[in-house]
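Subject: Structure for your review

Hello,

Here is the structure I said I would pass on. My notes on it follow below the files.

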Amino acid sequence: MIPPPVEARGLVKNFGSFRAVDGISFTVRQGECFGFLGPNGAGKSTTIRMICCTSPVGGGELRVLGLDPRRQSRAIKARLGIVPQEDSLDPDLPVRQNLEVYARYYGVPRAIASERISESLALFQLTEKANSPVSDLSGGMKRRLVIARSLVNQPEILVLDEPTTGLDPQARHLVWQKLRMLRAKGVTMLLTTHYMDEAAHLCDRLVIMHRGKFLAEGNPHDLIRDYAGEVVLELRMGHDDRAPLLGELTGIDGVAIEEVEDIVYIFEAGDAARQIAARIADPALAFLRPGNLEDVFLRLTGRGLLD
Amino acid sequence: MTAITTRPDLSAGSYRVWQRNRDVQFRLWRTELIGVVVEPFVVILALGLGLGQFVKLSSGEEYVAFLTPGLLAMFPMFAAVFECAWGSYVRLEMQHTYDAIIATPVSVDDVITGEILWGMTRATVNAAYILIVAIVLNPWLHMVESPWALAIIPLSFVPGLLFSAISICFASLARAMSQFSYFFNLVINPMFWFGGAFFPFDELPHWAQILGWFIPLTHVVELYRGFLKGQFEWSMIGDFAWVAAATFVFYWLALAGMRRRMIQ
């Protein structure tokens, strides 16, 4: 039997007295895109780095492609592709040579590497920039180049640590499109992000991580249904106006109310919120929308600043 | 403590890192060449011929000839130091080059070993160039007295490794680029002036000679002096052993320092 791409049981990581990863367990399945969603400092990147064997496992069990990161890091790294959070392209080398030098680290023979790199540059729309210095590339191009670089060894698992942070909307959508294409080809992907739309776009399954633990896991659709409700009503009105409406909703099964400063969020699966929205008939005061991952996330992790 | 007791985890990856630096060098050599080419001429002219007119050594030797082993030791030292102190720090901290490399099947030990081998390469190329300059100028300046001087090229591997390793040790501790001024002013610059390159040690007071013994460059200079003259003394074995032993120690410390820094 083929071992799962990643399997963790009670995975732990401490930095001094700070517990960054606190006993998490999960299994990534062959060919899926598995997302770690969470605020900064949740332990996502630390988990990813343990999987990538660039940070030693602190405790618990971790298997990557059936191998032990404690003893077989080189064998694991040979079969992973990594898109790091920070831009780590080699500024001393032009675009194409960045990939050639990187392929050499994996011991990919020159002729094979050259062929793959040409294909990859075409795929990521970088052929025209092949001889440009990296500093000439836009943010989106750099990201695409980093993704192209992560494919030089034809990895079995692609690990993406916040792949679109800092990109403009056009560039993000282009990166997403490329990643969906890779997923369609059957590449297993691991992704961390704090962008909810990114997780919704790309992930088959995801976990919501907070303070080193998982708060919830499932596919994006189920998570929204379970934690946000099908619709969300946002009431933007003064305290006196909202009081009778809240009175009306209180106690109805499946309705959750959250007051945050000047907005009231009403989460529900039924009809009561819809009726209120129809009655008020002013979206500026009562705005009805589908639930999304952001609702799930904020409900689970709280709305206070985390830093 | 585990960082210092671990055996080096090495592979062909060290060579790949060396290749990376070589490829970058092939792209950038034009900008760096001029300094390397001109430097020894300036020193030979200014110190060897200029200051040398006023210097009478008790050995009767011409000052420019006395200076030659120092040139062969110092400039390669600078080449290794610039590559492995500033250069390594930039690749480690600013460019994240090391982070990118250790995500591949290349270990931290491979990276550091490759960097040190590259620093050594630059030092040796530099030493070879200065030796060629000295040989070309020999009919006028008599800087090289024996064909044994050619042995300096392979010998320069060892100090090249040593100065690279010392530099990496410091880079592994540095928290900001500006801290390198400490390294330069407290380590490299004193070594440059007091490493036995500019004045003979044997006429200095005893305490100064003892101090000089602790400076790595002194031993390199003494070793090269013997080979340039073709006069061999037993103490040269001691000089070589000193440099080789220090190389081993600093290589080990460089690995430990960078593991501590990069593996968290």
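In which helix of chain B is the place of B:Gly226? B:Gly226 lies in helix H11, which covers residues 216-229 of chain B. Please keep in mind throughout that this is a predicted model.

B:Gly226

The relative accessible area of B:Gly226 is 7%. The cut-off for a buried residue is under 20%, so B:Gly226 counts as buried. Setting aside the neighbours within four places in sequence, the contacts of B:Gly226 are with B:Gln231, B:Phe232 and B:Met236.

Chain A overall

Chain A has 307 residues, and 52% of them count as buried. Its secondary structure consists of 11 helices and 13 strands. Along the principal axes, the C-alpha atoms of chain A fill a box of roughly 75 × 45 × 40 Å. Of the contacts in chain A with a separation of 6 or more, 67% are between residues 24 or more positions apart.

Two sheets in chain A

One open sheet has 3 strands, in the order E2-E1-E4, and its pairing is antiparallel. Why is one side of strand E2 and of strand E4 left without a neighbour in the sheet? Strands E2 (18-28) and E4 (59-64) stand at the edges and each has a single partner strand, so one side of each has no neighbour there. On average, neighbouring strands of this sheet are turned by 25° against each other, direction ignored. Strand E1 (residues 6-15) is joined to E2 of chain A by 8 bridges, and the two run antiparallel. Within this pairing, A:Ala8 in chain A has A:Phe26 of E2 as its bridge partner.

Another open sheet has 4 strands, ordered E11-E12-E10-E13, and the pairing is again antiparallel. Its edge strands are E11 (255-260) and E13 (286-290), each of which pairs on one side only. From one strand to the next, the twist averages 20°. E11 and strand E12 (residues 263-268) of chain A pair in the antiparallel sense over 6 bridges. A:Ile257 stands opposite A:Ile266 in E12 of chain A.

Nonpolar cores

Which residues touch the most other members of the largest nonpolar core? They are A:Phe26, A:Leu190 and B:Ile112, in a core of 158 residues. Helix H3 (residues 63-94) of chain B gives the most to this core, with 17 residues. A second, separate core has 14 residues, including A:Leu246, A:Val255, A:Ala273 and A:Ile276.

Leaving aside neighbours within four places in sequence, the contacts of A:Phe26 include A:Val6, A:Glu7, A:Ala8 and A:Arg9. Also among them are A:Phe34, A:Phe36, A:Thr47, A:Ile51 and A:Phe214.

The interface between the chains

How many residues of chain B are in contact with chain A? There are 26 on the chain B side, in contact with 27 residues of chain A. The area buried between the two chains is about 2,300 Å², and carbon and sulfur atoms give 53% of that area. On the chain B side, B:Ala103, B:Pro105 and B:Gln264 supply 25% of the area buried against chain A, more than any other three residues.

There are 5 salt bridges between chain B and chain A. One salt bridge links B:Asp110 to A:Arg74, where the closest N and O atoms are 2.7 Å apart.

Backbone points to check

Two residues other than glycine have a positive phi: A:Leu65, near 55°, and B:His142, at about 50°. A:Leu65 sits in the loop between E4 and helix H2 (73-77) of chain A. With a relative accessibility of 10%, A:Leu65 counts as buried. B:His142 is in a loop too, between helix H6 (138-141) and helix H7 (152-155) of chain B.

Regards

Definitions and conventions
Residues numbered from 1 in each chain as written. Chains lettered and ligands numbered in written order. Predicted model: local features only at pLDDT ≥ 70, side-chain atom pairs only at ≥ 80, totals over all residues. Heavy atoms only, no water. Pairing = 2+ DSSP bridges. Axes fitted to C-alpha atoms, helices over the stretch in contact; angles between N-to-C directions. Buried < 20%, exposed > 50% of the residue type's maximum accessible area, 1.4 Å probe, protein only. Contact = heavy atoms within 4.5 Å. Core = buried A, V, L, I, M, F, W, Y, C linked by side-chain atoms within 4.5 Å. Buried area = accessible area lost by both parts, 1.4 Å probe. Salt bridge = Lys/Arg side-chain N within 4 Å of Asp/Glu carboxyl O.
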